[in-house]
Amino acid sequence: MTPAASARSLTCRLGGTLAIRELTFDIDPGERIALLGANGSGKTTLLRALAGLLSPTVGSTFVCGSRMSRAEVATRRMVGYSGHNPHQYDDLTVRENLALVAATFVVDDASDRIDHLTHDLALDEYGRRRARELSRGLQQRLALAIALLPNPRLLLLDEPEAALDGATRARLGEIIDAHAGSAGFLFATHDLDRAAALAKRALVLDRGALVGDFEVCRGDGRKLLEDVAGAVEGRSRLAARPRNTFDYSADLDGTGQGTSGLSLGDSARQLAAIVGKDLRLEWRTREVVPALSLLSVLMVVAFSLAFVVPAEDVPAVAAGVLWASLAFATVVGGMRVFAAERDQGTMEALILAPISRAGLYLAKASVNFLFLAAVGLFSMVSVMILFDVALLRWDVAGLLILGSAAFASVGSLYGALAANVRARELLIPVLLLPVSLPVLIGGVAATLGSLGVTSTASQFPWAGLLAAFCAIFAGLAAMLFEHILGD
Amino acid sequence: MLAGGSRSIWGLTAATFIAMSAAIYMIFMYAPMERVQGNIQRLFYAHMSMAWIAYLSFFMVFVGGAIYLARRSAKWDRIARSAATIGVVFTTLVLITGCLWGTRVWGACWTWDARLTTTLILWFIYVGYLMLRGYIQEPQSRRRLAAIVGIAGFVVVPINFLSVYWWRTLHPAPTVLRADGPTLPPPMLATLLVTVFAFTLLYVLLMRHQMALERLIDEVDDMQFQLLLTERKL
């Protein structure tokens, strides 16, 4: 029988610390395992590595026979995970959050499953409430619902009962049986009574090493406490012994899933769900477009104050100011679409979602494009008014839309890249602005052609440069995006 | 093995020294003085050779990054980051020599000419590449993200090369790589080829030294990792 999950010599280094070291074990389908250990023993790191959120420094992880590193879409589709950061959007309602997960995981009978889960987790009366309005315990229930919704074959929960009330805790085993009964289930906890109630087996970690792997005496928390203490102290009876582990030397492709199992229509719906989610969040929070639009107008004002422009040069300067304001909006906004995910802790949800990395890039770049196009049109009107230049023309609007696409293609790539880097606010302008300058140069030159400052025909090669730049960066980013999000 | 490697370094150093000496001799003694610009034109040989090294370096950053992402071999990351360091140094020298030359010929150290501007953009891109590496502590993430920046940044290199064709510029058009053949007089062409060859040898030598240095840095990092493993086992 192929295990639901396996670790082989799994070692993860976090900065200068070895968080887990040389872990080898299997989790069988339907097996419930408690992951125990003191704070800092490596429980969360192990769960994150099995989920595919963390690349092993040494060793491998497998889910249903497929190697988790460079995870296939199909592999990610089999994992349900709930960590310390809830994978929910604060400004979406409970049902919208669940519908998003159903769309990205391509869940069959999504509406029925959402109804059942919200009913079983007593969330049905909160369906129209935004996640930010829920109590900590209700948010924990929503996080459980999100992990269970895809009908996972491997369920990984990090302290799932931490904020739950007594009644929900008591029903947790029953709920998991109902929604992921055949899944391998690994959960980290410090509550040994609950561990004894839920699990048949325990893995004990101590300073990153697996020191205990034994059967749990059902319902006997006191006995489990003694066993864990014995394992940590290294008493031979309880120390981790090598079990018979599945042989992965056989052809992995034969046991793995191979293909994503998603049709083109499924992929299109996944992307539409991501784009729709971002637009809905923007509509509700009004976080990005108004701020960027205001920034672009401020740029126009600053430029007009900074330079004394002779009357005959005004059209040329207006074109430059228009594109410079858009370039600066790209630098700020390009980072925002990914930084917002990172700040909310929902970036993990995107990484775990069974969406092709190229598709994810396309969705985020599309959102960036829509935001920048809106800001660009706003800039166009403000430059037209403040510089008294007839910019409100179809050809200039077309160039701005093309330029917004080019800026979005490069901005989304660098925004994703820098989202997880320290001091990203300082770094992103340094990285993004130089690469974006060809768009600025091309956009200004093409606009000068449109305005008749240079020959009208000269705008076409520059528009071509914008289109080529957009295509090159979009293609490059689609190929490289899986590397940005890690293995 | 060490002796062989040492011998080859010494051989390469000697060859670079001889080639550089020959190049310097040819620049100042063999190549004729350009009638309009005078002796300042002799900067051209070093200026163009250094620009060639910068292009070569950035190409190596691109190749190193692409192969690193495909194979995840630290060696290719070392090649990429060594090349980036050398590329930034030589781009800086290109900008400085261009400035010296421009001051005499154009009467200005800097002009917003297409070639100059795109060269400055390239300098910013690869300084950013080196900065990024300093901002990421985890080695694998650092290598991965730097590789992506190295690959994406290379998109501007062809724009820089083609800028003299796309824009009307003050910067001279290519005199060697032309469809209708080189336009330089033979003594100047010979001097240029020898100088380019000498700088290419210098580049190979610098790459070897820089890579050896980078290998030591990686080895220290690996030793720290092994130490962590050992400490945990004790």
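In chain A, strand β4 (residues 58-63) pairs with β5(A) in the antiparallel sense over two bridges, where strands are DSSP runs of E of at least two residues, helices are runs of H or I of at least four, both are numbered from the N terminus, and two strands count as paired if DSSP finds at least two bridges between them. The model is predicted, and for that reason local features need pLDDT of at least 70 and side-chain atom pairs count only at pLDDT 80 or more, while totals for chains, interfaces and linings use all residues. Residues are numbered from 1 along each chain as its sequence is written, and chains are lettered from A and ligands numbered from 1 in the order in which they are written.

**The sheet of chain A**

- Strand β1 (residues 5-14) of chain A runs antiparallel to β2(A) and is joined to it by seven bridges, with A:Ile27 in β2(A) as the bridge partner of A:Ala5.
- β1(A) and β2(A) form a hairpin with two residues between them, and A:Gly15 in the turn has a positive phi of about 60°.
- Strand β2 (residues 17-27) of chain A is largely enclosed by the rest of the structure, because eight of its eleven residues are buried (20 or more other C-beta atoms within 10 Å of a residue's own, with C-beta atoms placed from the backbone).

**Contacts between the chains**

- In all, 26 residues of chain A are in contact with 27 residues of chain B, contact meaning that the C-beta atoms of two residues, placed from the backbone, lie within 7 Å.
- On the side of chain A that touches chain B, the elements giving two or more residues are β2, α15 (394-418), α16 (424-450) and α17 (459-484) of chain A, and α16(A) gives the most, with seven residues.

**Chain B**

- The secondary structure of chain B comes to seven helices and zero strands, and its C-alpha atoms fill a box of roughly 75 × 40 × 30 Å along the principal axes.
- Of the 234 residues of chain B, 34% count as buried, and among its contacts between residues at least 6 apart in sequence, 75% join residues at least 24 apart.

Key:
A residue is buried if 20 or more other C-beta atoms lie within 10 Å of its own, exposed if 12 or fewer, and partly exposed in between; C-beta atoms are placed from the backbone.
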